[in-house]
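Here is a short note to read beside the model. Please keep the structure open and look up each residue as it is named.

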Amino acid sequence: MEIIDLKGRKGLIVGIANEHSLAWSAARHFSNAGAELAITYLNDKAKPFVEPLAREAGNSLLLPCDVSRPGQLKTVFETIEREWGRLDFLLHSIAWARKEDLHGRLTDCSADGFAQSMLISCHSFIQMAKLAEPLMDKGGSLITLSFYGAEKVVDHYNVMGPVKAALEASVRYLAHEHGKKSIRVNAISAGAVATRAASGLQHFDELLNETRRRAPLRRTVEASEVGRTALILASDYMSAVTGETLYVDAGFHIQGMVFH
Ligand code: NAD
């Protein structure tokens, strides 16, 4: 049970790979709050990992969705329209870049690699906003996941820095465009959490250590703290918050120089 009640609300979750995914933590909180969920999995290889979690989340729709495959995202929304006729919130929790781009300098990133990363990690959110619009005629909440590397240089974040910066700017423009319909659009800028996506970043352990050393709370962030924030953003408790990037990072982003 949650203090927040989402009974009767319907939400789409894109980005569960396994039980460590930030999207899974959010899904658990949504489900505990009584929401009905549509959960997607990337492909047949991912399905066995996601299916048991979707079952645990209760009466959810389970649908394939690789946003880089033309038509798959549209099919997800068509199914939601057919099954539910509306949508109250969605969580976009996906990011991808080619290994060579993620591990190499931004300077060396190919046009193709940059475009592909933008398409999957940023434009897919814009696409979701478009597809959700007709299903949210009574308002709604669109939530995405970002990282501090959007704003300041974080060593080894490389191409994902500009991609997340574009995502955060898109949040503001989408919030502007959808505000009249009471559709709120926000990003959660999460602190470093060990997940599959995070394991693709070089020196990720150092980032965790640096967070423990520098963040005001002197610790890293739990996935559940990100999930709980998504729950509040999906609820009416955040009814006046839109276009925001909300930091859930133990305060890491406020620090300038720290001496110990
Ligand atoms: P994760 O690996 O559990 O989730 C990433 C998800 O992206 C996976 O479910 C994967 O299937 C999905 N994905 C990749 N390509 C896709 C495609 N073409 N179509 C559909 N889905 C696709 O890792 P995570 O850390 O939970 O990442 C979720 C989000 O959180 C990402 O946007 C990530 O950048 C962001 N984030 C993570 C951290 C962290 O430290 N873990 C910090 C800040 C922000």
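1. A term to begin with. A polar contact is a pair of N or O atoms within 3.5 Å, and within protein one atom must be able to donate a hydrogen and the other to accept it. Keep in mind, too, that this is a predicted model.

2. Histidine 29. The side chains of histidine 29 and glutamate 2 are joined by a polar contact of 2.7 Å. Histidine 29 sits in helix α1. Is histidine 29 buried or exposed? Its relative accessibility is 12%, so histidine 29 counts as buried, because buried means under 20%. Set aside the neighbours within four places in sequence, and histidine 29 is in contact with Glu2, Ser224, Gly227, Arg228 and Leu231.

3. Helix α1 as a whole. Nine of the 11 residues of α1 are buried, so the helix is mostly covered. Among the buried residues are Leu22, Ala23 and Trp24. Phe30 and Ser31 are also buried. After α1 comes glycine 34, with a positive phi near 100°.

4. The largest pocket. A probe the size of a water molecule, rolled over the atoms, shows where empty space is left. The largest pocket holds about 1,300 Å³ of space. How many residues line the largest pocket? The lining has 44 residues. Ser93, Ile94, Ala95, Trp96 and Ala197 lie nearest the centre of this pocket.

5. Helix α1 returns here: it supplies at least two residues of the lining of the largest pocket. By class, the lining of the largest pocket has 29 nonpolar residues, 11 polar ones and four charged ones.

6. The ligand. There are 28 residues around the ligand. Which of them come nearest? They are Ser21, Asp66, Lys164, Val193 and Thr195. Look at the side chain of aspartate 66: an N or O atom there is 2.8 Å from a nitrogen atom of the ligand. In the side chain of threonine 195, an N or O atom is 2.5 Å from an oxygen atom of the ligand. Alanine 197 uses its backbone instead, with an N or O atom 2.9 Å from a ligand oxygen atom. Alanine 197 was named above, as one of the residues nearest the centre of the largest pocket.

7. The cavity. The structure holds one cavity of 30 Å³ or more. The volume of the largest cavity is about 60 Å³. Its lining includes Phe147, Tyr148, Leu207 and Phe252. Asp249 and Thr211 line this cavity too. By class, the lining of the largest cavity has six nonpolar, two polar and one charged residues.

8. Two backbone angles to check. Most residues other than glycine have a negative phi. Asparagine 158 is not a glycine, yet its phi is positive, at about 45°. Asparagine 158 lies in the loop between β5 and α6. It is partly exposed, with a relative accessible area of 22%. Histidine 203 also has a positive phi, near 60°, and is a residue other than glycine. Where is histidine 203 placed? It is in the loop between α7 and α8. With 43% relative accessibility, histidine 203 counts as partly exposed.

Definitions and conventions:
Residues are numbered from 1 along each chain as its sequence is written. This is a predicted model: local features need pLDDT of at least 70, side-chain atom pairs count only at pLDDT 80 or more; totals for chains, interfaces and linings use all residues. Side-chain values use heavy atoms; hydrogens and water are left out. On a 1 Å grid over the protein atoms alone, a cavity is a set of points where a 1.4 Å probe fits but cannot get out, and a pocket is an open set with protein on both sides within 12 Å along at least five of seven lines; lining residues have an atom within 4 Å of a point. Grid points are joined across faces, edges and corners, and a volume is the space filled by probe spheres set on the points. Helices (H or I, at least four residues) and strands (E, at least two) are DSSP runs, numbered from the N terminus. Ala, Val, Leu, Ile, Met, Phe, Trp, Tyr, Cys and Pro count as nonpolar, Asp, Glu, Lys and Arg as charged, and the others, Gly among them, as polar. Buried means under 20% relative accessible area, exposed over 50%, partly exposed in between (1.4 Å probe, protein chains only). Contact means heavy atoms within 4.5 Å. A residue is near a molecule or strand if one of its heavy atoms lies within 4 Å of it.
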